[in-house]
Amino acid sequence: MEERKQKEVEYYDVQAENLLKEASHKKQKGDFEGFDPLVLGSFKFFYRLLEDNCKGKKVLDYGCGNGIHSVFPLKAGAEKLVGIDLSEKSLEVARDRAKSEKVGDRIEFLKMDCEKLEFPNNYFDVILDGGTFSSLDLNRVYPELVRVLKPEGLLIGIETFGHNPIANLKRKINKITGRRTNWAESHIFQQKDLKVAKDYFNKIEVRYFHIVSFIFFPFLSLPGGKLLLKLFEKIDSFLFLFPSLRKYAFKVVFIFRDPKKQ
């Protein structure tokens with residue numbers, strides 16, 4: 001395994017191992033840091049897209065991690081979901097989560113390299129990306145996604161965006177303190193990656209979120225924190241009316257349609 005991948009796996013194995021030691025991990029709604037993403041407008045929109053497009057479909061949770069997004073497509077009517085990740089400890093958490101939600105019989109979790117998918121061509125109707133791209137080499141990712149998607153298939157994703165200087169400073173601090181890997185910090189999704197996606201998909205739709213509201217994320221558990229978030233998300237919506245400001249979003253949600261088959 002390449003060194004960069006090994007470091008990513010080691011990082012997420014440690015996070016998952018810590019979570020597995022906690023008796024409450026099966027009930028946890030959020031990711032390793034205990035954060036519930038559904039309080040954010042970006043994730044609410046992401047989940048609406050999944051709900052609208054997953055019914056009766058075969059879905060791939062691409063880089064599923066601890067399975068934070070794996071259950072929802074099934075509750076939204078997906079026929080089956082396959083989750084893949086290289087972190088075995090994360091997959092263990094994901095399997096426990098699926099069992100606790102009583103959907104374990106319709107989910108299959110596999111240890112697999114996202115850059116070398118072991119599925120046949122034209123296999124999935126929908127691929128969901130819940131923030132995996134920063135851990136990967138997108139030059140290897142896009143061709144594989146196109147290969148395993150059906151001609152009418154689509155990719156639904158949410159990614160952290162890499163142009164906001166305040167957010168980028170925080171990422172550098174996280175790297176220094178060991179809360180992010182070197183690769184992930186330096187490969188946050190950017191506009192250039194959206195442009196490259198046009199080489200692989202005929203239709204690209206993007207929505208931008210959290211140009212100022214992300215500053216309040218650490219305070220959501222405080223009294224009035226969620227109300228402040230809603231207020232500043234409204235300010236975000238106004239600011240995003242100006243195209244020049246969209247690159248400074250903290251999150252982007254996208255749908256890539258009509259994969260370009262070779």
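**Burial, packing and strand order in the predicted model**

Phe 46 is buried, with a relative accessible area of 0%, where buried means under 20% relative accessible area, exposed means over 50%, and partly exposed lies in between, for a 1.4 Å probe and protein chains only. The structure is a predicted model, in which local features need a pLDDT of at least 70 and side-chain atom pairs count only at pLDDT 80 or more, whereas totals for chains, interfaces and linings use all residues. Residues are numbered from 1 along each chain as its sequence is written, and side-chain values use heavy atoms, with hydrogens and water left out. Phe 46 is placed in helix α2; helices (H or I, at least four residues) and strands (E, at least two) are DSSP runs numbered from the N terminus. When its neighbours within four places in sequence are left aside, Phe 46 is in contact (heavy atoms within 4.5 Å) with His 69, Leu 128, Asp 129, Gly 130, Ile 156, Gly 157, Ile 158 and Val 253.

The strands are considered next. An open sheet is formed by 7 strands in the order β3-β2-β1-β4-β5-β7-β6, with mixed pairing, two strands being taken to pair if DSSP finds at least two bridges between them. At the edges stand β3 (107-111) and β6 (201-209), each of which pairs on one side only. From one strand to the next the twist averages 15°, the axes being lines fitted to C-alpha atoms (for helices over the stretch in contact) and the angles running from 0 to 180 degrees between N-to-C directions. In general, strands of a sheet pair through backbone hydrogen bonds, either parallel or antiparallel.

Within this sheet, strand β1 (58-62) has 4 of its 5 residues buried, so β1 is largely enclosed by the rest of the structure. Strand β2 is itself mostly covered, with 5 of its 6 residues buried.

In helix α5 (residues 138-148), the buried residues are Leu 138, Val 141, Tyr 142, Glu 144, Leu 145, Val 146 and Val 148, and they pack against β1, β4 (124-129), β5 (149-160), α8 (191-197), β6 and β7 (251-259). The N-terminal end of α5 is capped by Asp 137, a side-chain oxygen of which lies 3.0 Å from the backbone nitrogen of Asn 139. In helix α9 (residues 225-239), 15 residues at 1.5 Å each should span 21 Å, which agrees with the 21 Å between its end C-alpha atoms; the expected span is 1.5 Å times one less than the number of residues. The buried residues of α9 are Gly 225, Leu 229, Glu 233 and Asp 236. Seen down the axis of α9, these residues fall within an arc of 80°, so they line one face of the helix, the arc being that of the directions from the helix axis to the C-beta atoms. What covers them includes α2 (41-53), whereas Leu 227, Lys 230 and Lys 234 are exposed on the other side of α9.

Individual residues complete the description. Asn 66, in the loop between β1 and α3 (71-75), is buried, with a relative accessible area of 2%, and its side chain reaches the backbone nitrogen of Ile 68 at 3.2 Å. Lys 102, placed in the loop between α4 (88-100) and β3, has a positive phi of about 60° although it is not a glycine, and this residue is exposed, with a relative accessible area of 72%. Asp 258, also a residue other than glycine, has a positive phi near 55°; its place is in strand β7, and at 32% relative accessibility Asp 258 counts as partly exposed.

Definitions and conventions. Polar contact = N/O pair within 3.5 Å; in protein donor to acceptor, adjacent residues only side chain to side chain.
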